[in-house]
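Work through the exercises below with the sequence and the model side by side. Each task is followed by a solution in steps.

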Amino acid sequence: MNKLVILFFFLHFGAFCQTSNRIITRQGQVSFFSYTSVEDIEATNNQVHSIVDKSNGAIGVSMLLRAFIFKKSLMEEHFNESYVESDIYPKTNFSGKIVDFNADSFNDGIVFLKGNLELHGVQKEIDIKVKIENLGSNLVLTGDFEVPVADFNIKVPPLLAPNIAKVIQVMFRFEYEPYEE
């Protein structure tokens with residue numbers, strides 16, 4: 001009987017610790033910008049999910065590519081059908097960890113993330129510089145990084161090559177709150 005009580009306590013306490021160390025956002029923002037002399041292309045996705053485990057500095061991000069909103073509907077159509085093929089590859093994911101994680105990593109300041117970005121069926125290791133704002137129980141992470149189109153096997157037809165930047169600038173802002181199941 002005592003073994004059963006200890007096992008229950010361990011499982012319950014362990015689950016509580018794991019949950020209390022997690023913070024989440026379901027409305028993170030990711031936007032990207034492609035600049036060329038022919039045209040600028042930008043889009044924003046405000047439905048990005050992300051979770052942070054404050055006990056070890058692990059971060060996960062997931063978003064549906066069809067949730068990006070463009071200024072021109074034709075750009076959105078080309079993005080989904082011709083470039084990222086969102087019917088075949090509907091999501092983009094990132095999983096990584098804060099480099100040199102320690103107890104002060106979630107204080108206001110700059111940290112570096114190292115992890116894998118999965119886009120268009122290709123997974124690449126990337127490094128991201130992130131600004132952290134600690135708002136008490138909430139945390140805000142902002143930053144940007146570059147995505148070389150060719151690295152993710154995104155093919156741009158030669159006729160449209162002057163319209164699409166070879167390297168896309170990606171910006172993000174995630175405001176996390178305590179995770180509640």
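**Exercise 1. Backbone angles in two loops**

Task: Which loop holds N153, and what is the phi of N153?

Solution. 
Step 1. In this predicted model, N153 belongs to the loop between β8 and β9.
Step 2. Phi of N153 is near 55°. That is a positive value in a residue other than glycine.
Step 3. The relative accessible area of N153 is 41%. Buried means under 20% and exposed over 50%, so N153 is partly exposed.

Solution. 

**Exercise 2. Order of elements**

Task: How many helices and strands does the chain have, and in what pattern do they follow along the sequence?

Solution. 
Step 1. There are two helices and nine strands.
Step 2. Along the sequence the pattern reads α-β-β-β-β-α-β-β-β-β-β.
Step 3. The chain has 181 residues, and 36% of them count as buried.

**Exercise 3. The largest pocket**

Task: Describe the largest pocket by its volume, its lining and the classes of its lining residues.

Solution. 
Step 1. The volume of the largest pocket is about 710 Å³.
Step 2. Its lining consists of 40 residues. Nearest the centre of the pocket lie F32, F79, V84, I168 and V170.
Step 3. Now sort the lining by class: 33 residues are nonpolar, five are polar and two are charged.
Step 4. Several elements each supply at least two lining residues. These are β1 (22–35), β3 (58–64), α2 (73–83), β5 (91–98), β6 (109–119), β7 (122–135), β8 (138–148) and β9 (167–178).

**Exercise 4. Salt bridges**

Task: How many salt bridges does the structure hold, and which residues are joined into one network?

Solution. 
Step 1. Side chains of opposite charge can pair when their charged atoms come close. The count for this structure is five salt bridges.
Step 2. One of them pairs K114 with E125, with 3.6 Å between the closest N and O atoms. K114 lies in strand β6 and E125 in strand β7, so this pair ties together parts that are eleven residues apart in sequence.
Step 3. Compare the accessibility of the partners. K114 has 37% relative accessibility and counts as partly exposed. E125, at 53%, counts as exposed.
Step 4. K114 also forms a salt bridge with D127, where the closest N and O atoms are 2.9 Å apart. This pair links distant parts of the chain, since K114 is in strand β6 and D127 in strand β7, 13 residues apart.
Step 5. Another salt bridge joins R173 and E175, and its closest N and O atoms are 3.5 Å apart. R173 is partly exposed at 38%, and E175 is partly exposed at 36%.
Step 6. Salt bridges with shared partners join K114, E125 and D127 into one network.

**Exercise 5. A nonpolar surface patch**

Task: Which residues make the nonpolar surface patch of about 270 Å²?

Solution. 
Step 1. The patch is made by V99, I110 and F112.
Step 2. V99 is in the loop between β5 and β6.
Step 3. The relative accessible area of V99 is 37%, so V99 counts as partly exposed.

How values were computed
Residues numbered from 1 in each chain as written. Predicted model: local features only at pLDDT ≥ 70, side-chain atom pairs only at ≥ 80, totals over all residues. Heavy atoms only, no water. 1 Å grid on protein atoms, 1.4 Å probe; cavity = no way out; pocket = protein on both sides within 12 Å on 5 of 7 lines; lining within 4 Å. Points joined across faces, edges and corners; volume = space filled by probe spheres on them. Helix = DSSP H or I, 4+ residues; strand = E, 2+ residues; numbered from the N terminus. Nonpolar A, V, L, I, M, F, W, Y, C, P; charged D, E, K, R; others polar. Salt bridge = Lys/Arg side-chain N within 4 Å of Asp/Glu carboxyl O. Buried < 20%, exposed > 50% of the residue type's maximum accessible area, 1.4 Å probe, protein only. Patch = residues over 30% accessible without salt bridge, like charges linked within 9 Å, V, L, I, M, F, W, Y side chains within 5 Å. Areas by Shrake-Rupley, 256 points an atom, 1.4 Å probe, with all protein chains shown as cover.
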